[in-house]
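Please look through the structure below.

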Amino acid sequence: MSEDREPVVDPAAPAYVYMQVADHVAWQIRAGRLQPGARLAGERDLAQEYGVSVQTARRAVEELRERGLVLTLPAKGTFVAERRDEPDA
């Protein structure tokens with residue numbers, strides 16, 4: 001994250017920090033900034049980018065997996081999942 005942008009994570013916000021990180025990455029995926037198949041930064045790099053602990057970054061990636069937005073391949077990395085069409089409401 002560059003220094004000229006406002007921080008994405010606000011520890012004083014009424015939301016868990018890992019959810020703030022996960023929500024921001026999810027937004028990047030939905031906005032098309034992260035394309036299907038794109039490799040996410042490693043947990044240490046994500047932690048540094050967002051100014052959070054490695055454990056917080058790890059929990060954010062776990063949340064993204066639970067949402068079906070990313071998949072992790074052991075010894076390979078975490079990748080943006082292929083988009084699934086949303087069912088009609």
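**From a loop to the core**

Arg 67 sits in the loop that runs between α3 and β1 (70-73); helices (H or I, at least four residues) and strands (E, at least two) are DSSP runs, numbered from the N terminus. This is a predicted model, in which local features need pLDDT of at least 70, side-chain atom pairs count only at pLDDT 80 or more, and totals for chains, interfaces and linings use all residues. Residues are numbered from 1 along each chain as its sequence is written, and side-chain values use heavy atoms, with hydrogens and water left out.

Arg 67 counts as partly exposed because its relative accessibility is 25%; buried means under 20% relative accessible area, exposed over 50%, and partly exposed in between (1.4 Å probe, protein chains only). Leaving out residues up to four places away in sequence, Arg 67 touches Met 19, Ala 22, Asp 23, Ala 26 and Arg 84, where contact means heavy atoms within 4.5 Å. The side chains of Arg 67 and Asp 23 are joined by a polar contact of 2.6 Å. A polar contact is a pair of N or O atoms within 3.5 Å; within protein, one must be able to donate a hydrogen and the other to accept it, and residues adjacent in sequence count only if both atoms are side-chain atoms.

Thr 78 belongs to strand β2 (residues 77-80). With a relative accessible area of 12%, Thr 78 is buried. Its side chain makes a polar contact of 2.9 Å with that of Thr 72.

The largest nonpolar core has 20 residues, and Val 25, Ile 29, Leu 40, Tyr 50, Val 52 and Leu 64 touch the most other members. Such a core is a set of buried Ala, Val, Leu, Ile, Met, Phe, Trp, Tyr and Cys residues joined through side-chain atoms within 4.5 Å. Its largest share, six residues, comes from α1.
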